[in-house]
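Hi,

Here is the structure I promised to pass on to you. Have a look at it first, then read my notes below.

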Amino acid sequence: MTQPARRRLLTASAGTLLLSLAPWQIAYGAKMIDVRMWPSTDYTRVTLEHDAPLEFKYFMVKSAKPLRLVVDIKGLALTTHLKKMIEAVKPDDPYIAAVRIGQFLPDTVRLVMDLKTDVRPEVFLLKPYDKFKYRLVFDIYPADDQDMIGRYARGEATQDLGPDDEAEKESAPETDVIGSILSGLTTEPAKKTPEPKAPAIATKPKTPAKTRPQKKGPLIIVVDPGHGGEDSGAIGPRRTMEKTVVLQIARRLAKLINKEPDMRAVMTRNSDHFVSLGGRVAIARRAKAHLLVSIHADAWVKASARGSSVFALSRRGATSAAARWLAKNQNASDLIGGVNMRAMDKDVASIVVDMTSSWKIDYSLKLGRHVLNELDNISHLHKGHVEQAGFAVLKGQGIPSILVETGFISNPTEERLLKSPKHQQALAVAILKGIRRQLKDDPSLVNT
């Protein structure tokens, strides 16, 4: 087939639906640095990193079988290195079947994604930030975007949290404290023995008996593993990534929560993909969560820094310079991970939630103290009190929320511990115990 024929095949035809045609953007020639793919059930992200701005436009070919997403990239020459990078991508996700690339025009490369199902693509450019150069990002969302978060919260679906392992089985949590509290508050009314019927001539209309309140739904706890995808978080001396260990700890915590009576966990991510800070807020809102626990692993310029920490939101600024520095770095997650600001929901992009109420912050501080006390039983504490700062992921929730720094991944000893399944399980158990202690001291959260 000749080049013009190929061009006619892949460009718009009578049956082609143009979902989006982004305007051409300025380019002066660019070299490709890397191609990365982040598949997940929520969406798949493909990132092309390059050293200069690119021009691009994209459209869907609905008439083709399979469906195709076509992206024309101007100012980028096709090289053997680029072909090999694209060929090395082995997509194993619900949306992309294959990725191909070819020279469409002398100064234009055409990238074609064969799709397994109908999708809603978002394609956008990111400017250089931190260690990254320019990035052309393809976010492939399912066209039929069902509200799975709500289904998780209602118990109509379950998140696949991965297989159990021996370390987890050996460290089963206690179940005596909160089980009795929650079951006592939410049990169904006992059945009464029916009274004998009176003769028809002697009956009087009876006042309906007062019924007890219906059983409330489960306590929804959002478990938020920090970072993910392009945003690796802190990296240890042995190249252990924060995003990896916190996901493993979060999965363990979610499993323990789901074993509790009248509790249910919803994770903001359950694979190695990026979730924006606004997206994490949106997940908690859709789940109608009562509580959020964000899991992280700290880092510092000195390898000697060590210990676990717990943070809550502050009304008056950070309680220490270190807390202020940490919040600033955590809040930069969107710039590192890459957010399509044009497509982001305005309500999520401008997070304005009243977390300044004294009850929510006071409850978070009390919860943080209980979690910190439990962590003290299994690891060194970096600070013996709950610190406070303006963390965006806590600020946007509008519910009691804490951020747990499980240890310093920059410390060689703690890096090894954070990779240990046994220590990960101990951390998860300690966090759950802290939650249970707080609910025992103040069960008001159960009634909200």
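**Notes on the helices and two residues**

Let's start where α13 meets α14: Leu417, Leu418 and Lys419 of α13 touch Pro421, His423, Gln424 and Leu427 of α14. Contact here means heavy atoms within 4.5 Å, and helices (H or I, at least four residues) and strands (E, at least two) are DSSP runs, numbered from the N terminus. Sorted by class, the contact of α13 with α14 has 4 nonpolar, 2 polar and 1 charged residues. For these classes, Ala, Val, Leu, Ile, Met, Phe, Trp, Tyr, Cys and Pro count as nonpolar, Asp, Glu, Lys and Arg as charged, and the others, Gly among them, as polar.

Before going on, keep in mind that this is a predicted model, where local features need pLDDT of at least 70 and side-chain atom pairs count only at pLDDT 80 or more, while totals for chains, interfaces and linings use all residues. Residues are numbered from 1 along each chain as its sequence is written, and side-chain values use heavy atoms, with hydrogens and water left out.

Back to that pair: α13 (residues 412-419) packs on α14 at an angle of about 80 degrees, and the axes are 5 Å apart. Axes are lines fitted to C-alpha atoms, for helices over the stretch in contact, and angles run from 0 to 180 degrees between N-to-C directions. The two helices are therefore roughly perpendicular to each other (angles under 35 degrees count as roughly parallel, over 145 as roughly antiparallel, 65 to 115 as roughly perpendicular and the rest as oblique).

What about α11 (residues 358-375) and α14 (residues 421-441): at what angle do they pack? The angle is about 135 degrees, with 8 Å between the axes, so α11 and α14 are oblique to each other. The residues in their contact divide into 9 nonpolar, 3 polar and 5 charged.

α14 also packs with α6 (residues 242-259), at about 50 degrees and with the axes 9 Å apart. That makes α6 oblique to α14 as well. On the α6 side, the contact includes Val245, Ile249 and Leu253, and on the α14 side Ala428 and Leu432 are among the residues. The classes come to 11 nonpolar, 3 polar and 1 charged for α6 with α14.

Now for His273, in the loop between β10 (263-267) and α7 (277-286). Is His273 buried or exposed? His273 counts as buried because its relative accessibility is 1% (buried means under 20% relative accessible area, exposed over 50%, partly exposed in between, with a 1.4 Å probe and protein chains only). The His273 side chain makes polar contacts with the side chains of Asp42 (3.1 Å) and Ser271 (2.7 Å). A polar contact is a pair of N or O atoms within 3.5 Å; within protein, one must be able to donate a hydrogen and the other to accept it, and residues adjacent in sequence count only if both atoms are side-chain atoms. Met37 is 236 residues from His273 in sequence, yet their C-alpha atoms are 9.3 Å apart.

Gln388 sits in strand β13 (residues 387-389), and at 16% relative accessibility Gln388 counts as buried too. A polar atom of the Gln388 side chain lies 2.8 Å from the backbone oxygen of Leu313.

As for the whole protein, there are 14 helices and 14 strands, and 52% of the 448 residues count as buried.

Cheers
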